[in-house]
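The sequence and the structure come before the details.

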Amino acid sequence: MSDLAEFLQTRGARLGLKIAGVVVALALVGTAGWLWLRAEDARGQAALASAAEAVQQGEGPLATAEGRQKAIGQLQTVLTQHGRTAAAAQAAYQLGNLQYQAGDYAAARAAYEVALAKGAGGSLRTLSASGVGYTWEAQKNYASAVAAYDAAARGLGPKQFFFEEALLDLARAQALAGKPAEARATYERLLKDSPDSRLAPDVRAKLAELPARSQ
């Protein structure tokens, strides 16, 4: 019996050591992966910062087609080389803005959608979703613009950034899509939720331009 007990103890000790070794190995792999992701995020942010000057020049009032294309190329490189980093969503949003200014609405829409797919959050999510709406509106596809603006406004509260702008975009698209009743409801929601808005006079003017309810 003593031999059996000694054998079991020895076997248990060995198993314990093996388990401990696996745990340590997994911890080391996890730590290495975390450090690699941090380093890759840092490289992504550095690449985005390197493109900042070109982006500013490409977006500015004196931007040339060549300057805009240069900025577009640099942002596309950031996405290609650092697409899994935190910089990707910001790069995609800026890329969408440049392509929108260039009049390439389909490409701009694709870039905004990439920003959303890359996990854009907060104001960046709202701006990217609104960007999708702007591209549809520019192409006079008002039904799709309504859907995009509705997605941008969804979940926003009166105290959040871009709440009023998101509702204005939605109401405008609803009116353009031939849905005055829905546009009226959206404008009235804005006035109800943000009664002290600096945009209130404009909203009331827009309401006055809509067909009467009876029509």
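A residue is called buried when its relative accessible area is under 20%, exposed when it is over 50%, and partly exposed in between, using a 1.4 Å probe and protein chains only. This is a predicted model, in which local features need pLDDT of at least 70 and side-chain atom pairs count only at pLDDT 80 or more, while totals for chains, interfaces and linings use all residues. Residues are numbered from 1 along each chain as its sequence is written, and side-chain values use heavy atoms, with hydrogens and water left out.

A salt bridge here is a side-chain nitrogen of Lys or Arg within 4 Å of a carboxyl oxygen of Asp or Glu. Searching the whole structure gives five salt bridges. The table lists some of them, including the bridge between R172 and E137.

| E137 | R172 | 2.8 Å |

R172 and E137 form a salt bridge with N and O atoms 2.8 Å apart at the closest. This pair joins distant parts of the chain, since R172 is in helix α8 (residues 163–176) and E137 is in helix α6, 35 residues away. Helix α6 spans residues 122–138. Helices are DSSP runs of H or I with at least four residues, and they are numbered from the N terminus.

D169 and R172 are separated by about one helical turn because they are three residues apart in helix α8.

D169 has a relative accessible area of 7% and is buried. E137 is buried as well, at 17%, whereas R172 is partly exposed at 28%.

The side chains of E137 and R172 also make a polar contact of 2.8 Å; such a contact is a pair of N or O atoms within 3.5 Å, where within protein one must be able to donate a hydrogen and the other to accept it, and residues adjacent in sequence count only if both atoms are side-chain atoms. Leaving aside residues up to four places away in sequence, E137 touches Y142, A145, Y149, R172 and L176, contact meaning heavy atoms within 4.5 Å.

Conventions. Helices (H or I, at least four residues) and strands (E, at least two) are DSSP runs, numbered from the N terminus.
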